[in-house]
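Here is a walk through one protein model, written for someone who likes to know the cut-offs behind the words. Have the viewer open while you read.

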Amino acid sequence: MNEAAMDPSNLLCHLEDILDSDPHIDEVGFIHPMQFAAFNEEGHSGSGPQLTDEITRKPVRDSSSHTFFWHNKHKLGISTIVLVPLYRAAKDAFLDAYKRYRMLRDSQLKKDETLENNALTCLPSLLDTMEKEVMRHSKALLLLSCDFGTAWNARKLIVSKKLLSPMFTDELLLSALVLSYSPKSERAWSHRRWVIKMIAGNGANIQEVVERESELVKTLAENSKMNYRAWSHRCWLVSYMSDSQVLLELQSSRDWAGLHVADNSCFHYRSRLLLRMIENLRHSNDSDGFSGAEFHQKWKEELDWVGMLIKRYVGREALWLHRRFLSLVWMKHLAIDDQCGFIKDEITLSQSSTIIPDNDYGDYQAQATYSATYIMWLAKQMPMSFGVELRKSSHYEALKLLVGNVGKSCLWDSTTSIFELCDR
C-alpha cells in the first residue's frame, strides 16, 4: 500500500475535501476494508469522492481517497483501518488551528501595542482565515469523535460571533450528520438546542425549525430504539410550538406510540403536549387557542385510546404509567366532571385486567400486577371518593388477594390505613 496514501495529513485533507465538495451529506458510516470492493462495484461510476481540480474543474479520482473513503448520493463511508490515524491528525490540526485563532483573537481584543499598525489592520482577514480553518478541522474531528466538547465549543464561539443564518443552518446539518451514526450523542443534541435558541433569539421563523426537528427525532427514533435523548429533545421543543403544532404533534405521534407500546419516551412526549395545552389554557386569551371543552375532549380520547391499548397489548408498563398521568390530569383539572363515571370506568378496567388465564404466559401476571398497583395508587389519591366505591365493588376482595400474591402486602396495608382514617 502506498505510504503517501496512508499519511494522516493526506487522509485528513481528502476527508475535508469531500466534506467541502458536498455540504449536503446526510449520513456517515464506518466501513470495514473488506466491504469497500462491494460498495465500489454497486456504484462504480460515482463511488469515489467528488473532488474537483481547481484549474480544469473536472472530477478528480485520487487512489488513496478511493481506497479509504466512499462517497455517493450524499452518503459518506470511512474505512475503519484509517480511523485512528485520521482522528489523531484531525485532533492535532484542530487544536493547532484553535490555539492560533485564540491568540489572534486575544491580540485583536487587547490591541497589543507590540504589534505594528500594519499587523493590526491585517488581523480581521487573518482571523477570518483562521475561523474557516477551525470550522473545517472541527467538522472532520466531530465526525470521528462526536463527544469532543472543545470542538463543539469552538464552533459555538465562532457562530455566536458571526450570527449568520447560513452558519446556523450548517450547524444543524453537522449535528444531524453526527446523529446519523451516533443518535444518542448528548453533545450533538445539546448543540442543536443551542442553535435553536440562537435562531429564536434572532427573530427567525422558529415554527419551521421545530417542524423539521420533530421529523428528525421521529426518523432517529425509528432507527434507534429507546432513544431517551432524542425524545427529551422533542419534549424540549414543545415550549416553542404553536397551538396548532401541539394539536398536530398529538395526532401524528399517536400512530407511532400505538406501534411502540413498550417505549415510555413517546408517551412521556404526549404527556408533555397535554401539559402544554393546559399551560396555554391558563395563560392565553387568544380566541384561536385551545378551549376548555376541546382539551376535555382530547383528554377523553387519550384515556379511551390508552384503555384500548392496555386491553390489546397485555403487560406493558408504559401504558399503565401513562394512564396514571391521565388520572392525575383528571384529578387536578377535570374532577368536577362526571366523577362517578370516571371511577366506575377505572374499576371496570382493573377488573378485566386482573383475570389471569391458566397458562404460562407471564405477561398476564404482569398485567394483573400493574393493574392492582394502579388501582391502589388511585385509591390513595382519592380515598374519600374512589376508596369508597372500591370497597363497595366485588373487585375489592380479589384485589386484596392479588396484592398479597405479588408480594405487595405493604401497599395494601398503607392504603387501607388511609381508608380507616377517612372513616373516623
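## The core

The largest nonpolar core takes in 108 residues, and Leu15 and Ile78 have the most contacts inside it. A nonpolar core here is a set of buried Ala, Val, Leu, Ile, Met, Phe, Trp, Tyr and Cys residues joined through side-chain atoms within 4.5 Å. Buried means under 20% relative accessible area, exposed is over 50%, and partly exposed sits in between (1.4 Å probe, protein chains only). This is a predicted model, where local features need pLDDT of at least 70 and side-chain atom pairs count only at pLDDT 80 or more, while totals for chains, interfaces and linings use all residues. Residues are numbered from 1 along each chain as its sequence is written, and side-chain values use heavy atoms, with hydrogens and water left out.

What does leucine 15 touch, once neighbours within four places in sequence are set aside? Its contacts are Phe69, Leu76, Ile78, Leu86, Ala140 and Leu144, with contact meaning heavy atoms within 4.5 Å.

## The fold in numbers

The protein's secondary structure comes to 19 helices and five strands. Both are DSSP runs numbered from the N terminus: helices are H or I with at least four residues, strands are E with at least two. Of the 424 residues, 45% count as buried. Looking at contacts between residues at least 6 apart in sequence, 70% join residues at least 24 apart.

## The three-stranded sheet

Three strands make an open sheet in the order β1-β5-β4, with mixed pairing. β1 (27-31) and β4 (69-72) each have a single partner strand, so they stand at the edges and one side of each has no neighbour in the sheet. On average, neighbouring strands in this sheet are turned by 15° against each other, direction ignored. Strands count as paired if DSSP finds at least two bridges between them.

β1 and β5 run parallel, paired over five bridges, and phenylalanine 30 stands opposite isoleucine 78 of β5. β4 and β5 form a hairpin with two residues between them, and lysine 73 in the turn has a positive phi of about 55°.

Is β5 mostly covered or mostly uncovered? It is mostly covered, with four of its five residues buried. Helix α1 (residues 8-21) lies across β4 and β5 and runs at about 10° to β4. Axes are lines fitted to C-alpha atoms, for helices over the stretch in contact, and angles run from 0 to 180 degrees between N-to-C directions.

Helix α6 (residues 149-162) has 14 residues and reaches 20 Å from its first C-alpha to its last, close to the 20 Å expected at 1.5 Å a residue. The expected span is 1.5 Å times one less than the number of residues. Its buried residues include Trp152, Arg155, Lys156 and Ile158. Alanine 151 also lies in this helix and is buried because its relative accessible area is 0%. Not counting residues up to four places away in sequence, alanine 151 touches Phe94, Ser138, Leu141 and Leu142. Its C-alpha atom is separated by 8.6 Å from that of valine 134, 17 residues apart along the chain. Leucine 163 follows α6 and has a positive phi, near 55°.

For α8 (residues 186-201), the 16 residues should span 22 Å, and the end C-alpha atoms are 23 Å apart, which agrees. Among the buried residues of α8 are Trp189, His191, Arg192, Arg193 and Trp194. What covers the buried residues of α8 includes α6, α7 (165-181), α9 (206-223) and α10 (228-237). Just after α8, glycine 203 takes a positive phi of about 75°.

## A buried glutamate

Glutamate 346 is found in helix α15 (residues 339-353). Why does glutamate 346 count as buried? Because its relative accessibility is 0%. Its side chain joins that of arginine 323 through a polar contact of 2.6 Å. A polar contact is a pair of N or O atoms within 3.5 Å; within protein, one must be able to donate a hydrogen and the other to accept it, and residues adjacent in sequence count only if both atoms are side-chain atoms. Not counting residues up to four places away in sequence, glutamate 346 touches Leu303, Arg323, Ser327, Tyr374, Ile375, Leu378 and Phe386.
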